[in-house]
Amino acid sequence: MSYRIETTCVQGGYTPGNGEPRQVPIIQSTTFKYATSEDMGKLFDLEASGYFYTRLQNPTNDTVAKKICELEGGSAAMLTSSGQAANFYAVFNIANCGDHVVASSAIYGGTYNLFAVTMKKMGIEFTFVSPDCSEEELNAAFRENTKAVFGETIANPALTVLDIEKFAKAAHEHGVPLIIDNTFPTPVNCRPIEWGADIVTHSTTKYMDGHGAGVGGCIVDSGKFDWRKYADKYPGLCTPDDSYHGVTYVERFGLEGAFITKATAQLMRDLGSIQAPQNAFLLNLGLESLHVRMKRHCENGQAVAEFLNNHEKIAYVNYCGLEGDKYHDLAVKYLPNGSCGVVSFGVKGGRKAAETFMKHMKLGAIETHVADARTCCLHPASATHRQMSDEELEACGVYPDLVRYSCGLENAQDLIDDIAQALEYV
Ligand SMILES: *Cc1c(COP(=O)(O)O)cnc(C)c1O
């Protein structure tokens with residue numbers, strides 16, 4: 001039986017049997033014991049499923065991944081140590097040296113660096129396109145060796161809303177999957193797979209954990225992309241893996257399991273970005289209230305955005321819940337129940353005015369963090385995005401005067417009063 005999203009947040013992934021713990025057990029063990037070498041050998045050959053070493057898989061992590069998989073409507077999922085690891089694995093699982101990826105230019109700064117600097121050094125080229133590009137511009141970005149398309153449902157910190165169907169259509173016409181980072185809306189507010197995305201990633205560090213307790217990530221596969229149809233392009237999934245005794249992932253694990261099994265068997269084995277089981281437990285506590293919290297984050301976001309929108313010292317407000325927002329129509333389509341609690345805005349007077357405003361905030365703490373129970377804010381141009389030139393900043397929608405304000409779960413009027421007093425100094 002499948003339940004509604006709220007029920008899955010609370011009960012998904014784990015159904016204890018008679019006399020078993022009500023709460024997800026933390027399996028704090030690096031290793032798992034077997035009676036014979038043959039038993040263990042079968043696990044190493046991927047002939048039997050089971051646990052042998054937590055660097056590859058751990059039961060606590062798998063239970064929590066299963067809940068997120070159910071929330072996103074996927075076929076398989078895995079936790080990673082961070083959102084960065086999730087995005088790296090999701091792309092690197094299908095793109096190698098000599099390959100190419102099309103990505104939206106409006107993405108998280110850390111992801112931009114990962115793609116444009118680190119993965120470029122590994123020989124993978126990225127073409128960045130505006131999330132607002134026309135279908136023609138988008139199609140023109142593809143090459144013979146393109147292996148994936150990447151975007152964020154709601155970009156951090158630009159708050160652009162991606163037209164997921166437009167990107168999915170272009171990806172599929174070119175025979176490649178669409179990978180969507182769904183960190184900001186969470187599956188409570190948007191399920192990209194329902195709009196054509198093939199793989200969904202998360203920084204669970206944000207709303208899913210929601211309490212600033214643990215860094216983590218997750219990859220969910222829809223199981224819908226037919227790798228076999230493009231076998232020449234995806235030899236890693238469609239031809240034998242010599243490092244696993246010749247297993248061919250799509251044959252042994254089907255379209256539902258091939259992507260996640262390969263990412264676990266090869267990337268986790270070799271790179272080891274596993275999430276600590278203790279952190280997976282904390283993540284699950286966050287997931288249990290995700291649907292309740294998201295609603296409140298969105299209510300606070302809307303109230304703060306409306307206040308700022310009418311304030312004389314504010315140059316502009318980005319919040320897709322505002323009727324005049326550039327992305328309001330896309331939000332009505334993709335985010336009918338709300339977007340997220342993050343609002344960004346420009347303080348009149350530019351970089352200097354933004355810095356003054358930041359200095360006088362009392363409730364809103366200056367943190368690189370976002371999407372937390374406690375309100376936090378950031379001036380990206382002097383923090384997360386300080387490596388980027390003004391041109392690069394503008395290309396990804398982060399202007400020098402922009403403040404990113406992440407509404408927590410406090411009383412909305414208290415947040416507004418705090419903003420109002422800080423703006424008096426500007
Ligand atoms: C924070 C963030 C990441 C990176 O996640 P970490 O857990 O910090 O590694 C990736 N994508 C988005 C949209 C984010 O907000």
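**Helix 11**

I began with what the buried residues of helix 11 (277-288) pack against: helix 1 (5-11), helix 3, strand 1 and helix 12 (290-309). I took helices (H or I, at least four residues) and strands (E, at least two) as DSSP runs, numbered from the N terminus. I counted a contact when heavy atoms come within 4.5 Å.

This is a predicted model, in which local features need pLDDT of at least 70 and side-chain atom pairs count only at pLDDT 80 or more, while totals for chains, interfaces and linings use all residues. Residues are numbered from 1 along each chain as its sequence is written, and side-chain values use heavy atoms, with hydrogens and water left out.

I listed the buried residues of helix 11 as Pro277, Ala280, Phe281, Leu283, Asn284, Gly286 and Leu287. Buried here means under 20% relative accessible area, exposed over 50%, and partly exposed in between, with a 1.4 Å probe and protein chains only. An α-helix has 3.6 residues a turn, so residues three or four places apart point the same way.

I then checked the length of helix 11: its twelve residues reach 17 Å from first to last C-alpha, close to the 16 Å expected at 1.5 Å a residue. The expected span is 1.5 Å times one less than the number of residues.

**Helix 12 against helix 16**

Two packed helices are described by the angle between their axes and the distance between the axes. For helix 12 and helix 16 (residues 412-423) I noted an angle of about 30° and axes 9 Å apart. The axes are lines fitted to C-alpha atoms, for helices over the stretch in contact, and angles run from 0 to 180 degrees between N-to-C directions.

I noted the crossing of helix 12 and helix 16 as right-handed. A crossing is right-handed if the near helix is turned clockwise from the far one by less than a right angle, and left-handed if anticlockwise. On the helix 12 side the contact is made by Asn300, Ala303, Val304, Phe307 and Leu308, and on the helix 16 side by Ala412, Leu415, Ile416, Ile419 and Ala420.

I wrote down the strand order of the open sheet of seven strands as 1-7-6-5-4-2-3, with mixed pairing. Two strands pair if DSSP finds at least two bridges between them. Strand 1 (76-80) and strand 3 (125-129) are at the edges with a single partner strand each, so one side of each has no neighbour in the sheet. Neighbouring strands of this sheet are turned by 20° against each other on average, direction ignored.

I next looked at strand 4 (146-152), which helix 5 (residues 109-121) lies across together with strand 2 (100-104) and strand 3, running at about 145° to strand 3. Seven of the seven residues of strand 4 are buried, so the strand is largely enclosed by the rest of the structure.

Strand 2 and strand 4 pair in the parallel sense over four bridges, with Phe150 as the bridge partner of Ala103. Strand 4 is also parallel to strand 5 (residues 178-181), again over four bridges, and Val149 stands opposite Leu178. Strand 4, helix 7 (residues 164-173) and strand 5 make a right-handed β-α-β unit. Such a crossover is right-handed if, with the strands pointing away from the viewer, the path from the first strand over the helix to the second runs clockwise.

**Loop residues**

In the loop between strand 4 and helix 7 I found Pro157, and the peptide bond from Asn156 to Pro157 is cis, with omega near 5°. Leu159 is in the loop between strand 4 and helix 7; its phi is near 65°, a positive value in a residue other than glycine. Leu159 counts as buried at 4% relative accessibility.

Leu46, in the loop between helix 2 (37-44) and helix 3, has phi near 60°, a positive value in a residue other than glycine. Leu46 is buried, with a relative accessible area of 17%.
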